[in-house]
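Please keep the sequence and the structure in view while reading.

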Amino acid sequence: VSKTFRLVCRHWRTAHDRLLQSIHTTHVPVKVHTMFPNLRSLEMFEDSTSQLPALRWANEVLKRLASCTALTDLKLSRGGKIGLKGSRALGKLSNLKNLNLHATYLDPKVQNQAFSTLVSLESLTYYSGERDANKSVVVGSLKGMKSLNSLSMFTMHMAEAEMSSLATLVNLTELDLLGARFLSHDKLDAFANLKKLLVLKLTLSNVSDNGLQTICTLTNLRSLNMSRCHYLTDNGLTALTDLRCSLSWLSIADCSNLSKTAICLLRQNSSFEIV
């Protein structure tokens, strides 16, 4: 291959990389901000051949991304624990709108520092991959985020104070609390403030008949998923008729304490789809 051809290829690749806005990869180069100055979206997942330390690569990746100020969408899968340095780097991505941490978690001690500057964040998905309170998102660190409209968490632990903080996220339109075993009816009172909710997912939660009455005050709700909620009974289903004007989709699949008779009666008295 001639020297001229190699030079043309190098310039072409440089020009291509500078225009690239979206990357799906297992490796982030050290000088990513100079190689991809227009980078808007990055999805990175663990690679067994990676040279980054196992279970700690998220910290290193975030440090490399800290100068990518144009980044708006970031997904890290199986990145392990994000400590102090990683949280500082994450906090520098002030234009971030969508953040997805899958099997990747922030040390609770540094979450405030990480989220306090992410004022543009619109969507947060946080599945630590562990049923451990120390790996859950501290909702208090999101308190008052006016831009946040979508929040998805897999957590089995949330204190009463955390639920109060959830009530401050008044612009939420979509909320997913998969596996929320902490949802007693009194804690669901926080939901009453979330008047803009359109989509609510409470799969595998402990929501009960009393809690369902609070949910039914959310008159803008379009989609409600309460599959595998074993504390719901036939008596609680009657409250769902209050949502017949707004609700278009309902899932009560595999709820062990609901009878076929009660579900058929709800179908007769409602216009929304039931699965």
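With which residue does Glu-43 form a salt bridge? The partner is Lys-75, and the closest N and O atoms of the two residues are 3.8 Å apart. This pair links distant parts of the chain, since Glu-43 belongs to strand 2 (residues 41-45) and Lys-75 to strand 3, 32 residues apart. Glu-43 is partly exposed, with a relative accessibility of 28%, and Lys-75 is likewise partly exposed, at 27%.

The coordinates come from a predicted model, and its confidence deserves attention before further detail is read. The protein chain has an average pLDDT of 78, and 78% of the residues score at least 70. Among the elements of the chain, the lowest mean pLDDT, 55, belongs to helix 1 (residues 3-19), while the highest, 93, belongs to strand 8 (residues 199-201). Where pLDDT is low, the predicted coordinates should not be read in detail.

In the whole structure, five salt bridges are found. One of these joins the side chains of Lys-97 and Glu-122, with an N to O distance of 3.7 Å. Here too distant parts of the chain are linked: Lys-97 is located in the loop between helix 4 and strand 4, and Glu-122 in the loop between helix 5 and strand 5, 25 residues apart. Lys-97 has a relative accessible area of 32% and is partly exposed; Glu-122, with 29%, is partly exposed as well. Elsewhere, salt bridges with shared partners connect Glu-60, Lys-63 and Arg-64 into one network.

An α-helix has 3.6 residues a turn, so residues three or four places apart point the same way. The two partners fall on either side of the 20% limit below which a residue counts as buried: Glu-60 is partly exposed at 26% relative accessibility, whereas Arg-64 is buried at 14%.

Helix 3 (residues 57-65) also contains Asn-59. Is Asn-59 buried or exposed? Its relative accessibility is 17%, and Asn-59 therefore counts as buried. The side chain of Asn-59 reaches two backbone atoms: the oxygen of Lys-81, at 3.1 Å, and the nitrogen of Gly-83, at 2.9 Å. When residues up to four places away in sequence are left aside, Asn-59 touches Lys-81, Ile-82, Gly-83, Lys-85 and Gly-86.

Gly-86 leads on to helix 4 (residues 84-91), in which Gly-86, Ser-87, Ala-89, Leu-90 and Gly-91 are buried. What covers the buried residues of helix 4? The covering elements include helix 3, strand 3 (73-82), strand 4 (98-106) and helix 5 (111-115).

Strand 4 in turn pairs with strand 5 in the parallel sense, over five bridges. Within this pairing, Leu-99 has Leu-124 of strand 5 as its bridge partner. Strand 5 also runs parallel to strand 6 (residues 150-154), to which four bridges join it. Thr-125 stands opposite Ser-152 in strand 6.

How many of the five residues of strand 5 are buried? Five of the five residues of strand 5 (residues 123-127) are buried, and the strand is mostly covered. In a regular strand the side chains alternate between the two faces of the sheet. In strand 5, Ser-123, Thr-125 and Tyr-127 are on one side, Leu-124 and Tyr-126 are on the other, and both faces are covered.

The cysteines complete the account. The structure holds zero disulfides. A disulfide is a covalent bond between the sulfur atoms of two cysteines. Cys-68 is buried, at 5% relative accessible area, while Cys-264 is partly exposed, at 40% relative accessibility.

Definitions and conventions: Residues numbered from 1 in each chain as written. Predicted model: local features only at pLDDT ≥ 70, side-chain atom pairs only at ≥ 80, totals over all residues. Heavy atoms only, no water. Disulfide = S-S within 2.5 Å. Buried < 20%, exposed > 50% of the residue type's maximum accessible area, 1.4 Å probe, protein only. Helix = DSSP H or I, 4+ residues; strand = E, 2+ residues; numbered from the N terminus. Polar contact = N/O pair within 3.5 Å; in protein donor to acceptor, adjacent residues only side chain to side chain. Contact = heavy atoms within 4.5 Å. Pairing = 2+ DSSP bridges. pLDDT = per-residue confidence, 0-100. Salt bridge = Lys/Arg side-chain N within 4 Å of Asp/Glu carboxyl O.
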